[in-house]
Amino acid sequence: MTQVRSNLVEGHASQVLPVSESRSRRKKNWFPKSIYFLFYIFAIYLVIPAIDVPLLGLSLSAPVFFLIALACVLRPPRPWFRQYSSWILLTALIWFAIFISTVANGLLSGGVEINSDGILYLIRYFYWLMVFVLTGYFANQDQLLKKIPLILAWSVFILALLRWVEVLLYGNIGAWSGTHLLTENAYGFQFSVFSPFLLVLIFQQKGWKKVFWILAEVVVWGAVAINASRGSWVAMGIGLGICLLLLFFSKPQRFFTAVFSVLLMAGIGFALWNEIPKAAAAVEERLGTFQNLEEDKSYVIRQVMIQKGLRLFKDSPLVGVGANRFTLTWADIDLPDILEYRGIGEFETKNAHNSYIQWLAEFGLLGSIPLVILLAVLTVRGLITTRRAIVQRDLVPLAIYLSFLQMSMHLWVITALTGTVTWFIYGLLMAVIKNEANKK
């Protein structure tokens with residue numbers, strides 16, 4: 001009887017987790033410490049992309065991630081290809097769709113509608129998709145998943161301090177005031193993506209640490225306010241509401257603690273805000289634009305670019321116009337009266353200012369269907385994983401899921417699917433989904 005029980009237990013364990021992976025999970029570190037250090041540097045740089053590689057003009061994240069990728073692909077401490085095969089297959093489908101779309105446009109046009117930039121973007125998309133897959137694999141470690149949100153929280157706090165330093169040096173408060181380290185839109189996107197890591201950290205702390213992070217969040221909120229990116233205001237506002245709803249339905253005790261913390265931060269922020277009348281006036285002016293969006297040129301321009309993207313898609317619904325050809329392909333645009341003085345030519349070469357519309361226009365249904373599948377899987381499975389984790393008093397998935405949601409909302413007003421940050425966050429969410437599945 002004892003032998004039978006032993007066999008049953010062993011059989012169940014072998015189904016839940018392979019022996020090789022079970023042993024590797026008992027190790028504190030799967031990789032050399034230098035690889036973890038590089039991954040932390042990689043994450044910090046994605047929040048504060050302050051410098052490029054000297055002489056080459058490349059993002060510093062690319063060579064750093066290359067070294068991480070070598071460790072994951074050439075000398076992995078555990079076999080992982082089969083475990084991640086469905087994610088890898090979906091990623092491969094996305095890239096092949098991008099490849100076919102770009103090459104098909106070149107062939108059908110006799111080589112006219114493809115150039116060196118198009119080929120370069122094929123390589124870049126391959127890199128971004130590898131960031132997604134390898135981040136999902138590498139970050140699927142308990143110790144790393146606990147540490148990386150703290151690193152990202154510190155990083156976004158430092159970014160907020162840098163935005164305040166710009167205010168002290170240049171007085172650039174409000175929209176169109178001229179930023180230096182990053183553009184106004186880039187600052188706003190970074191705050192949308194990474195602010196949840198600091199917010200959720202507050203709910204996990206006690207005592208003086210909680211007080212410190214509450215004050216840090218007030219600094220971040222203030223930086224977001226004076227930066228005056230409406231995309232970040234909307235994304236972070238909706239994200240905060242979703243956060244409270246998830247806590248309410250998953251762990252009511254956490255909900256009341258979170259509400260108290262948010263009210264305390266709002267009170268501190270309001271008290272300090274009255275001491276900076278110039279900032280308050282700039283924010284009130286920017287808020288007023290929500291009441292007359294039809295007369296706001298920035299908003300109207302985005303509507304025109306959506307119009308162009310949809311017409312490009314209508315002209316080539318299957319394969320789109322090819323990688324990086326949104327600004328190179330003309331469409332029949334109707335300009336509203338408020339923009340007629342600027343001429344159609346200016347808008348034909350303008351950035352899409354909408355990641356999803358640009359993707360749809362450039363890659364058609366062929367590229368959009370696998371991307372929609374990926375986002376749907378991340379959204380649904382991310383929600384299930386986050387709710388389970390909250391019940392178990394683990395708020396790390398909540399921070400990553402909120403980051404994913406806020407980023408996804410902000411992508412409606414910025415072109416950022418052509419960037420490492422987006423695919424890094426997708427990878428982190430995949431990591432927590434896989435980590436929860438392994439625990440089950």
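The following questions and answers concern how several descriptions of this predicted model are reached.

Q: Why are helix 6 and helix 17 called roughly parallel to each other?
A: Helix 6 (residues 116-138) and helix 17 pack at an angle of about 25°, and their axes are 7 Å apart. Angles under 35 degrees count as roughly parallel, and the two helices are therefore roughly parallel to each other. The crossing of helix 6 and helix 17 is right-handed.

Q: Which residues make the contact between helix 6 and helix 17?
A: From helix 6 come Tyr127, Trp128, Leu129, Val131, Phe132, Val133, Thr135 and Gly136. Helix 17 contributes Thr420, Trp423, Phe424, Tyr426, Gly427, Leu428, Met430 and Ala431.

Q: How do the residues of the contact of helix 6 with helix 17 divide by class?
A: The contact of helix 6 with helix 17 has twelve nonpolar, four polar and no charged residues. Gly counts as polar in this division.

Q: What describes the packing of helix 16 and helix 17?
A: Two packed helices are described by the angle between their axes and the distance between the axes. For helix 16 (residues 396-410) and helix 17 (residues 420-439), the angle is about 145° and the axes lie 9 Å apart. Helix 16 passes helix 17 in a left-handed crossing. On the side of helix 16, the contact is made by Pro397, Ile400, Tyr401, Ser403, Phe404 and Met407. On the side of helix 17, the residues are Val421, Thr422, Ile425, Tyr426, Leu428, Leu429 and Val432. By class, eleven residues of this contact are nonpolar, two are polar and none is charged.

Q: What makes up the contact of helix 3 with helix 4?
A: Ile35, Leu38, Phe39, Phe42, Tyr45 and Leu46 in helix 3 meet Ser61, Val64, Phe65, Leu67, Ile68 and Ala71 in helix 4. These residues divide into eleven nonpolar, one polar and no charged. The axes of helix 3 (residues 33-47) and helix 4 (residues 61-74) come within 9 Å and cross at roughly 145°. The crossing is left-handed.

Q: Why does Ala228 count as buried?
A: The relative accessibility of Ala228 is 1%. Buried means under 20%, so Ala228 counts as buried. The residue is placed in the loop between helix 9 (207-227) and helix 10 (230-250). Ala228 has a positive phi of about 65° although it is not a glycine.

Q: Why does Arg393 count as exposed?
A: At Arg393 the relative accessibility is 62%. Exposed means over 50%, so Arg393 counts as exposed. Arg393 is found in the loop between helix 15 (355-391) and helix 16, and has a positive phi of about 65° although it is not a glycine.

Q: How do you know whether Arg286 is buried or exposed?
A: Arg286 has a relative accessibility of 9%. The limit for buried is under 20%, and Arg286 therefore counts as buried. Arg286 lies in helix 12 (residues 277-288). Not counting residues up to four places away in sequence, Arg286 touches Ala175, Trp176, Glu184, Ala228, Arg230 and Trp233. The C-alpha atoms of Arg286 and Ile226 are separated by 9.7 Å, although the two residues are 60 apart along the chain.

Q: How do you know whether Asp315 is buried or exposed?
A: Asp315 has 62% relative accessibility. Since over 50% means exposed, Asp315 counts as exposed. Asp315 is found in helix 13 (residues 297-315).

Q: What makes Ala97 count as buried?
A: The relative accessibility of Ala97 is 4%. Because buried means under 20%, Ala97 counts as buried. Ala97 is in helix 5 (residues 85-108). Leaving out residues up to four places away in sequence, Ala97 touches Leu366 and Gly367.

Q: Which residues touch the most other members of the largest nonpolar core?
A: In this core of 123 residues, they are Ile68, Phe191, Trp423, Phe424 and Tyr426. The largest share of the core, twelve residues, comes from helix 8 (residues 184-204). Apart from this core lies another, of 14 residues, among them Val304, Met305, Ala331 and Ile333.

Q: What is Phe191 in contact with, leaving aside its neighbours within four places in sequence?
A: Phe191 is in contact with Val156, Leu159, Ala160, Arg163, Pro196, Val220, Ala223, Val224, Met236 and Gln406.

Methods: Residues are numbered from 1 along each chain as its sequence is written. This is a predicted model: local features need pLDDT of at least 70, side-chain atom pairs count only at pLDDT 80 or more; totals for chains, interfaces and linings use all residues. Side-chain values use heavy atoms; hydrogens and water are left out. Axes are lines fitted to C-alpha atoms, for helices over the stretch in contact, and angles run from 0 to 180 degrees between N-to-C directions. Helices (H or I, at least four residues) and strands (E, at least two) are DSSP runs, numbered from the N terminus. A crossing is left-handed if the near helix is turned anticlockwise from the far one by less than a right angle, and right-handed if clockwise. Contact means heavy atoms within 4.5 Å. A nonpolar core is a set of buried Ala, Val, Leu, Ile, Met, Phe, Trp, Tyr and Cys residues joined through side-chain atoms within 4.5 Å. Buried means under 20% relative accessible area, exposed over 50%, partly exposed in between (1.4 Å probe, protein chains only). Angles under 35 degrees count as roughly parallel, over 145 as roughly antiparallel, 65 to 115 as roughly perpendicular and the rest as oblique.
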